[in-house]
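User: Could you take a close look at one side chain for me, and at the pairing it takes part in? I'd like to see how that pairing sits beside others of its kind.

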Amino acid sequence: MEKEDAAQELVHENGDEVKLELSVDEVIEEYVGSFGLSQLLHVLLASLAWIFDSQNTLVTIFTDAQPGGWRCKSNYTSISSSSSLCMRQSGSVCGLEPGTWEWIGGNTTSTIAEWGLICHRKFLAALPASLFFIGSILGCAFYGRLADAWLGRKKTLLVACILTSTTTFITSLSPNVWIYALLRFANGFARSGIGICCLVLATEAVGRKWRGQVGQYGFLFFTAGFLSLPFIAHPNRSHWRNLYKILSLPPLLYTFLLVPLVSESPRWLVVRGKYKEALDALHKFARLNGRKLPENVHLIIPSQEKTGNDEADKNQSLWTVGWAAKRMIMVMVAGFGVGFVYYGIQLNVENLNFDLYLTVIINALMEIPAVFIGSLLLSFTNRRFLFSMSAVAAGVSCALCIIFSGWPQLIVEAIGFMASSIAFDVSYIYCVELFPTNVRNFAVSLLRQALMLGASLSPLLVVVGHISPSLSFLVFGGFSILSGILSLWLPETRNVPLYDTLKQQELEEKLRCRCPSNHTETEV
């Protein structure tokens, strides 16, 4: 049926030469193959960088963790009121004279222990994580524009990995909490381009029925990075700086060994007028799949024929087109709540009465079924429904953590995290399908900004959770439920083609949405 509907033209030139004009979508579906060996290798290579994204995002779970405990110094032998007070004190060290007590494990176990981020300085402990996510917000805008308008997806990924490696290593040299927070900001800015480029590179190389699954499988590498953290952190639990030094190496190796093997997105190449490079990339995909492209194939953007203004279509801004701007605002509002609860649950593990390393491992393992369940549901469920229900389920689970304690609380928290993970992953796939190629990277970067804005506030609530764990879980749950409800106003994108320009998408959606009652939904 797709072949009959496809816009194919035979253009005769000089009486004998025939030019087969096809869009990238049509070439992939009909000649390259929706998902073959070449795309599998491409997706794996592009998605590996998600590992570094998750490691740098969640490393503060261990480096900025509350120390395991404290004790009175055994060599403090003078008989004084300070010594007696230390012996009688239980719980908090606030009020004790410096030098009368020490952290179990030493001062190098975490930033909190080394720089004394407790008592009246406890809210400083949230500053590095919050600034990391604020850096990510600014970085998303920078990388989104860089990837769409100038460098492309592949070169932007290379830049992001080099900067991530550099800032991660320098962070390990921080002399105080202020420099540390500033370097976490720089690291957040640097790594924010990785996830954007990984997702778009993967989804733009496959056919429409595989987009959801490919995007979901990419998140398995994010999970792998998350799961690797406790195993890297545990041997280095007495020296938090070593953790940053170790995590700075993989992005550097990936940049020089694997990034050169990744192909640039043929969709982006066509939108930027680089038709020969796009054809070369498609020929490479087809050859590895055991197929061959017709010799006379010529790539086009479908909207060119309808508007006759390729340059104007290519350079349209997302914010100047009414329906796209409204849709983007709704996506960002929903993303804010999901980012708040997704990262909040992970950072809030220290407010559960369980071993930190065990809890992180359990949460990371819950991401694996989340990816497969999300992938399975995406194959036959509407994106809007899946996102909404997952966000609501995560919110309800957070609220239930107030009621339960012990193992039941850990189980409910893990289920809530799995639901938030599904919502988080689906939000990216949904955003990719909601916007066309010429603004897709920018749109995904804006979604990522919203997710990071929510994430930037979550460390503050985690600190509040040290005083009132119930309040932190209740607020996390409320924001997640609100996001699920708001997303119901977005249009459905399942089995809809990926468009190349805003003008093309507007025309096609109007043609597809013939009923006047549905017209409003298309424009949101």
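What does arginine 241 count as in terms of relative accessibility?

Analyst: Happy to! Arginine 241 counts as partly exposed, at 22% relative accessibility (buried is under 20% relative accessible area, exposed over 50%, partly exposed in between, with a 1.4 Å probe and protein chains only). A word on the basis: this is a predicted model, where local features need pLDDT of at least 70, side-chain atom pairs count only at pLDDT 80 or more, and totals for chains, interfaces and linings use all residues. Residues are numbered from 1 along each chain as its sequence is written, and side-chain values use heavy atoms, leaving out hydrogens and water.

The partner of arginine 241 is glutamate 114, in a salt bridge whose closest N and O atoms are 2.7 Å apart (a side-chain nitrogen of Lys or Arg within 4 Å of a carboxyl oxygen of Asp or Glu). Glutamate 114 belongs to helix α7 and arginine 241 to helix α12, so the bridge ties together parts 127 residues apart in sequence (helices are DSSP runs of H or I, at least four residues, numbered from the N terminus). Glutamate 114 is partly exposed too, at 27%.

The whole structure has 15 salt bridges. Among them, arginine 191 meets aspartate 53 at 3.0 Å, N to O, joining α10 to α4 across 138 residues. Arginine 191 is buried at 0%, and aspartate 53 is buried at 0%.

Another pairs arginine 440 with glutamate 204 at 2.8 Å. Arginine 440 sits in helix α22 and glutamate 204 in the loop between α10 and α11, 236 residues apart. Shared partners join Asp148, Arg153, Glu204 and Arg440 into one salt-bridge network.

Key:
Helices (H or I, at least four residues) and strands (E, at least two) are DSSP runs, numbered from the N terminus.
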